[in-house]
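Open the model in your viewer and keep the selection tool ready. We will go from stop to stop.

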Amino acid sequence: MKIHLVTLFPGMFQGVFTESILGRAQDAGILEIRIVDLREYGLGSHRVVDDAPYGGGGGMILKPEPIAMALEGIEDPGHVILTSPRGRPFRQADARRLSGLEAITLICGHYEGVDERVSELFVNEELSIGDYVLTGGELPAMVIADAVARLIPGALGHDTTQSGDSHYDGLLEYPHYTRPREFRGREVPPVLLSGNHEQIRDWRARQALRKTREARPDLLEKSPGGDNDGKGD
Ligand code: 9D3
């Protein structure tokens, strides 16, 4: 899969995609991430990429021409996404859908916004990562790219995290423990040391329900068993 990112701040992406799992997926040749520096397509000797809004008001708006030229410089942009606070909320189901595509391009919004004609002419969908105000679309683009890339078959190696065998669907995870058995006076719950796998399964299921009730009661609302629509990972 190819993921293209169009941004005014290419430096923000250094590290995020070379470290860890995404770096390995690229080394393995199953993922290719390309950063396109929007400034290179800015107009005139000053490489201008923004301008004041027609109709007045504060802030600056990203001009359409540099974005058009940046997209036209990408051989196969594929499905084009604009990160925007006005977008549809990005969910795990979107990550799954996008991970099945050959190529996606994420345009990182910035300043007060992007000229609407970019959306009309080039953008397939606009996505937000949540109801809080960030300084730009770069962090959201990284979040989306990360969530999508880890779902590419083979991206996580032979890790069990995608197998679903330690999973209570639609619930938050149960608490995890590793050695030592006692840490600063806090013991690992004895059931986890018991070797009784039926009891362990039962304890984990109850803990998952408790954690979900505490942090995300909304996940339990639709179906009391917590066996919801499987929108989780
Ligand atoms: C003052 C009006 N603001 C709208 C709430 C304008 C505005 C705020 C923040 C315009 C752009 C931004 C920068 N944010 C993003 O580009 C962004 C974002 C976000 O701020 N939160 C969650 N998801 C996203 S996706 C892109």
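This is a predicted model: local features need pLDDT of at least 70, side-chain atom pairs count only at pLDDT 80 or more; totals for chains, interfaces and linings use all residues.

**Stop 1: the ligand.** Select the ligand and its surroundings. It has 16 residues around it, and the closest are Glu112, Ile129, Gly130, Tyr132 and Leu134. Now look for polar atoms. Ser128 places a polar side-chain atom 3.4 Å from a ligand nitrogen. Ile129 uses a backbone N or O atom, 3.1 Å from a nitrogen of the ligand. At Gly137, a backbone N or O atom lies 3.3 Å from a ligand oxygen. On its own, the ligand has 580 Å² of accessible area, and the protein covers 74% of that.

**Stop 2: Tyr132.** Select Tyr132, in the loop between strand E8 (125–128) and helix H5 (138–149).

Stop 3: Most residues other than glycine have a negative phi, and most peptide bonds are trans. Select Arg47, in the loop between strands E2 (32–37) and E3 (50–51). Its phi is positive, about 55°. Arg47 is partly exposed, at 39% relative accessible area. Next, select Arg184, between E9 and strand E10 (186–187). Its phi is also positive, near 45°. Arg184 is exposed, at 73%.

Finish at Pro180, in the loop between H5 and strand E9 (182–183). The peptide bond from Arg179 to Pro180 is cis, with omega near 5°.

Notes
Residues are numbered from 1 along each chain as its sequence is written. Side-chain values use heavy atoms; hydrogens and water are left out. Helices (H or I, at least four residues) and strands (E, at least two) are DSSP runs, numbered from the N terminus. A residue is near a molecule or strand if one of its heavy atoms lies within 4 Å of it. A polar contact is a pair of N or O atoms within 3.5 Å; within protein, one must be able to donate a hydrogen and the other to accept it, and residues adjacent in sequence count only if both atoms are side-chain atoms. Accessible areas come from the Shrake-Rupley method with a 1.4 Å probe; for residues, only the protein chains shown count as cover. Buried means under 20% relative accessible area, exposed over 50%, partly exposed in between (1.4 Å probe, protein chains only).
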